[in-house]
Amino acid sequence: MIVNYTASGWEIIAQRTHGLVAAAIANEWKHEVRTRHWIETLIAIAEHDDAQVELERDDLLTEQGGPVDFAMRKVQYDHCLATMTRAYNKSTYVALLCSIHLEFLCKDDGASGDDVKTFIKEQKKQRTIWLKTLGMTTAQLDHDYRLLEWCDALSLLICQHKSQPEGRSVEISQGPDGQTHQLRSLDEDVLTVEPWPFEKNELELLYEYCLLPQLSYNSVDKFREAYQSGSRILKTITFKRSDKN
């Protein structure tokens, strides 16, 4: 889960919600980015974090009793296995994108142990087989994955409130168009991306978060109960094409 500390309490966004935001972003990209696997691409982007089921875990709280943010954890073997099992049972193409994303998450010591590192090495070999099955090139797969990674990065920036004040820019990532894009705030809850990658000149994104006024919980069960019964708030973010584009 994505955890933000606010004046009103903990703002919690589920990993699956973050995936939906990423897919909504992808759906707004210029249509030229779409390939014959477009529906599968959207599914992979929307579901790349579906193996992260927050309330099924027991390590949901810090020592101080606050909710654990996803960034506090490394990638674990059970997460890798669940991700790839679900993805492959969707389609080989979805499995390819999710496989590359797991490797991306595990770089720079992002893996929790040797079992994960072994799993990632095996995935490299498996992707070669899957590419042959689909008749795809590595370049084609890299192009499609760039969209997933870019939308994932922008979704996280939005969900973590990382747009900068006073019109300053923050880097998103390199998109499938080969360009490195910047996120910039135009006004409160109004953002722009430069260079502009979307089909329309203005669009809206919606996502839900849970607001928990209580800052500390003495047990995981108490936190689960609060999370399940907590208020769900709908957030709207507007994107507008700027004069610089």
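**Note on a helix pair and the voids**

1. Helix 2 passes helix 4 in a right-handed crossing (the near helix is turned clockwise from the far one by less than a right angle). Their axes, for residues 38–47 and 92–106, come within 9 Å and cross at roughly 40°. That makes helix 2 oblique to helix 4; angles under 35 degrees count as roughly parallel, over 145 as roughly antiparallel, 65 to 115 as roughly perpendicular, and the rest as oblique. Axes are lines fitted to C-alpha atoms over the stretch in contact, with angles from 0 to 180 degrees between N-to-C directions. Helices are DSSP runs of H or I with at least four residues, strands are runs of E with at least two, and numbering starts at the N terminus.

2. Before you go further: this is a predicted model, where local features need pLDDT of at least 70, side-chain atom pairs count only at pLDDT 80 or more, and totals for chains, interfaces and linings use all residues. Residues are numbered from 1 along each chain as its sequence is written, and side-chain values use heavy atoms, with hydrogens and water left out.

3. Who touches whom in that helix pair? On helix 2 the contact (heavy atoms within 4.5 Å) is made by Glu40, Thr41 and Ala44, and on helix 4 by Tyr93, Val94 and Leu97.

4. Now the largest pocket, which holds about 560 Å³ of space. A pocket is an open set of points on a 1 Å grid over the protein atoms alone, with protein on both sides within 12 Å along at least five of seven lines; a cavity is a set where a 1.4 Å probe fits but cannot get out, and lining residues have an atom within 4 Å of a point. Grid points are joined across faces, edges and corners, and volume is the space filled by probe spheres set on them. Of the 22 lining residues, Phe70, Arg73, Val75, Leu105 and Leu156 are the closest to the centre. Helix 6 (138–159) gives the largest share of the lining, four residues.

5. The second largest pocket has about 260 Å³. Among its 15 lining residues, His161, Ser163, Asp189, Lys235 and Ile237 are the closest to the centre.

6. Cavities of 30 Å³ or more come to two. Helix 6 gives the most here, with three residues.
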